[in-house]
Structures are given as structure tokens and as C-alpha cells.
Amino acid sequence: MSTQVPADLKYAKSHEWLRVAGDVATVGITDHAQHELTDVVFVELPAVGRKVKAGEACAVVESVKTASDIYAPASGEVIEVNKAVTDDPGLVNGEPYGKGWFFKLKLSDAAEAGALLTPEAYTAQIGG
Amino acid sequence: MPKQIAEMLIESVTMELPDTKTIRLQWPAGYDVDFKTGQFITVYWPDAPAYKRAYSLSSCALDRGFYEITVKRDGKMGTRLVDWAKPGDKLWVIEPTGRFLPVFDPPGKHLVCIAGGSGVTPFRAFAREATRRELDTRLTILYSVRTTNDIIFREEFQQLEQENERFDFYVTCTRLHPDDPWTGRRGRITAEWVKEHVHDLPNTVFYACGTNELVEATERLVLDELKLPKEQMKTEKWG
């Protein structure tokens with residue numbers, strides 16, 4: 001099965017994606033990750049205002065099979081969370097790069113985002 | 001045909017480890033579904049019907065009148081089940097499904113079952129059925145845990161080994177203190193260790209149940225290194 005790896009995003013080895021616009025980045029999990037998880041039934045998001053460091057566990061996603069931590073791909077402050085995805089966790093499966101986003105970060109170090117995996121490198125990691 | 005869904009009473013609970021609980025679900029009157037050892041059920045609480053989790057059956061198809069699942073404290077459902085589920089509570093249960101099935105027919109196969117942590121639970125069902133039916137199927141479980149305190153079903157597996165000379169249960173511990181008196185194997189499951197237990201490759205079927213990492217490593221061993229066809233490999237990923 002082919003998985004989507006959009007060309008305009010950066011990726012963490014732990015399967016989160018990052019869409020950067022200025023000093024704000026939107027975070028979600030990849031199509032590959034949602035496929036591995038299978039049906040997502042619960043999402044727990046960080047509190048708005050929480051400061052996170054790159055690599056810090058800050059959210060939880062639970063599927064019918066397992067529960068997994070979600071890690072901040074970059075450091076910053078959580079400025080918005082996607083309430084729609086906590087109300088309807090299936091959005092993570094249906095639109096992982098769209099309505100299934102998790103939270104937005106005000107980045108504290110733009111260089112961290114630049115150091116994440118390119119789409120090509122992430123595709124290679126997942127064996128695509 | 002739609003899957004049968006039934007509300008079941010929690011008949012009993014057993015703490016296997018401080019973070020792992022076996023829950024026995026009593027079939028309601030008239031409930032009698034056909035299912036196979038190795039399948040999983042999906043459960044949800046009556047107050048949260050949209051929030052479902054699937055668990056391998058740790059009981060086998062010869063166990064009638066109840067299902068048993070063995071749950072680790074993991075996520076919202078795992079925490080609620082381990083910390084709060086008690087006899088008398090009720091859960092909704094979607095009937096068993098899944099293709100992680102032991103090859104007991106044709107006879108004479110050797111099933112090499114590789115498990116990590118709570119991934120061992122379906123293999124208790126395999127061992128129970130093979131032993132009770134006195135099958136000539138050979139069954140070997142290779143089980144990876146962090147420490148000896150993390151071994152689920154240790155006593156039952158040892159008892160089944162006594163009853164069934166064709167069943168072997170091996171444990172490897174990955175995070176034991178060097179001074180621990182454990183005399184068994186230490187370290188992760190390796191290709192060499194698995195290969196030590198394979199004596200008739202064409203008649204061996206490999207099973208892997210646990211984390212994606214463990215399952216994918218086993219797939220690489222069986223499909224890439226041993227060059228076996230996919231039909232000799234069955235997997236169940238639980239995260």
C-alpha cells in the first residue's frame with residue numbers, strides 16, 4: 001500500500017509532520033503512522049500555553065490496537081490545539097495532513113525545524 | 001454477515017503483574033459463537049461506545065462460556081481496565097476475528113512463536129489448545145521481557161511444559177541488573193537465537209506478536225534471511 005508523504009512538509013523520525021508558516025508550525029502524524037496505528041479512537045492534546053522541547057512527549061494517540069506518545073518535532077509554545085480531532089479521532093485516519101492535525105507551535109528555534117527529515121528522507125525511512 | 005455484539009459480565013479479574021490484568025468475560029445466555037484460538041475481540045464500555053480497543057484472546061477456542069483477555073495498563077482503555085474493571089462490571093464485546101491462527105492442521109508442524117511483553121497473550125491460547133488436544137504439533141515460545149518480573153503466565157507456561165513434551169517456553173531478559181541471579185538468557189531476541197530452535201525449516205511456521213519493531217525484525221529474519229515464503233510467517237502488531 002502506498003502512503004502519502006507531502007512534499008511541502010518536514011518530518012520527524014517518530015512519524016510526526018511539521019508544516020511551517022513563519023514562526024508557527026502545525027503538527028500532526030503521518031499517513032504511514034495512522035496506517036500502522038489502524039483506527040484511531042482517542043487523542044489527548046497538550047494544554048495551550050505549554051512550552052515543549054524538541055523530542056518531548058506532549059500528546060497521546062490511541063487506536064483500537066495500541067496507545068502511542070506523540071513527540072514535539074521542534075521546541076516552542078503550544079498556541080492552539082485541534083479540538084475537532086479530540087471530538088472525532090477518526091479525522092487522524094481520514095485526513096492526517098488536513099483536518100486531522102494535532103496542535104500548533106510558536107517555534108522558539110526555527111533551525112530545529114530545518115533540521116528535520118525531508119520528504120525524501122522520510123520516505124526512505126519508511127521503506128517507500 | 002454482521003458481527004455479533006454482546007454485553008458481557010466481568011466474571012473475574014486476575015492481576016498477572018502490577019500493570020497487567022486478565023479479565024474473564026462471561027458469555028450471556030444463548031451466546032454461542034464459532035471462533036478460533038489466536039483471534040482477538042474488540043471491547044468497549046457501555047458509557048463510551050465510540051471508544052473501542054481490540055485485545056487478543058488469551059483463552060483458547062476450547063474454553064467455552066467465557067473469553068479471557070490479558071490487558072496491560074496502556075492508554076485510556078488499558079488504564080481503565082487495569083485500574084478499575086472489577087467483577088460485576090459489564091463490557092460490550094464484538095465477536096472474535098483475526099487470522100493469527102495456529103497451524104494445527106496438517107499435523108506435524110513446528111510453530112515458533114516470538115513474543116515481546118504482552119504480545120505473549122495469544123500464545124497462551126496456542127499452548128493451551130495444543131496441550132489439551134494432545135496434538136503432535138511442536139510449539140516453541142521465544143519470549144522477550146525486560147526483567148523476570150515482567151514474565152506473564154510464567155507458572156502456567158511452566159506447567160504446560162510439564163504436561164506437553166512438545167511445548168517449550170524460553171525467556172530472554174533485556175534489562176536485568178548484572179547481579180540478578182537469573183540463569184536464563186539475557187539480551188534481545190536475535191536471528192541466531194531463533195535459528196537455534198529451528199530444526200525442520202520447511203515444516204516450521206513463524207509467529208510474531210508484539211511491537212512493530214519486534215514484528216518487523218522477525219519478518220526480516222524469516223522472509224529476507226531464511227528466504228521463506230510469506231505463508232510460513234504470521235504476525236500480529238500491537239503498536
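## Basis of the model

The model is predicted; local features need pLDDT of at least 70, side-chain atom pairs count only at pLDDT 80 or more, and totals for chains, interfaces and linings use all residues. Residues are numbered from 1 along each chain as its sequence is written, and chains are lettered from A and ligands numbered from 1 in the order in which they are written.

## Chain A overall

Chain A has 5 helices and 9 strands. Helices (H or I, at least four residues) and strands (E, at least two) are DSSP runs, numbered from the N terminus. Along the sequence the pattern is β-β-β-α-β-β-β-β-β-α-α-β-α-α. The radius of gyration of chain A is 13 Å, close to the 14 Å of the globule rule for 128 residues, so chain A is as compact as a globular protein of that length. The radius is taken over C-alpha atoms, and the rule is 2.2 Å times the number of residues to the power 0.38.

Along the principal axes, the C-alpha atoms of chain A fill a box of roughly 35 × 30 × 20 Å. Of its 128 residues, 47% count as buried. Buried means that 20 or more other C-beta atoms lie within 10 Å of the residue's own, with C-beta atoms placed from the backbone. Residues 24 or more positions apart make up 64% of the contacts in chain A with a separation of 6 or more. A contact requires C-beta atoms, placed from the backbone, within 7 Å.

## The three-stranded sheet of chain A

In chain A, 3 strands form an open antiparallel sheet, ordered S4-S6-S7. Its edge strands are S4 (40-44) and S7 (67-71) of chain A, each pairing on one side only. Two strands pair if DSSP finds at least two bridges between them. Neighbouring strands are turned by 25° against each other on average, direction ignored.

S4(A) and S6(A) (residues 57-63) run antiparallel and share 4 bridges. Val43(A) has Val61(A) as its bridge partner in S6(A).

## Where the chains meet

At the interface, 13 residues of chain B contact 10 residues of chain A. On the chain B side, S4 (53-56) and H1 (75-84) of chain B each give two or more residues. H1(B) supplies the largest share, 4 residues. The chain B side divides into 4 nonpolar, 5 polar and 4 charged residues. Ala, Val, Leu, Ile, Met, Phe, Trp, Tyr, Cys and Pro count as nonpolar, Asp, Glu, Lys and Arg as charged, and the others, Gly among them, as polar.

H1(B) lies across S4, S6 and S7 of chain A, at about 75° to S6(A). Axes are lines fitted to C-alpha atoms, for helices over the stretch in contact; angles run from 0 to 180 degrees between N-to-C directions.

## The six-stranded sheet of chain B

An open antiparallel sheet of 6 strands in chain B has the order S4-S3-S6-S1-S2-S5. S4 and S5 (66-72) of chain B stand at the edges with a single partner strand each, so one side of each lacks a neighbour in the sheet. Neighbouring strands are turned by 40° on average, direction ignored.

S3(B) (residues 40-44) joins S4(B) through 4 antiparallel bridges. Phe40(B) has Ser56(B) as its bridge partner in S4(B). H1(B) packs on this sheet, touching S2 (20-26), S4 and S5 of chain B, and its direction makes about 115° with that of S5(B).

## Strand S11 of chain B

In S11(B) (residues 204-210), 6 of the 7 residues are buried, so this strand is largely enclosed by the rest of the structure. S7(B) (residues 110-116) runs parallel to S11(B), joined by 6 bridges. Ala115(B) has Cys209(B) as its bridge partner in S11(B).

Methods:
Buried ≥ 20, exposed ≤ 12 C-beta atoms within 10 Å, placed from the backbone. Contact = placed C-beta atoms within 7 Å.
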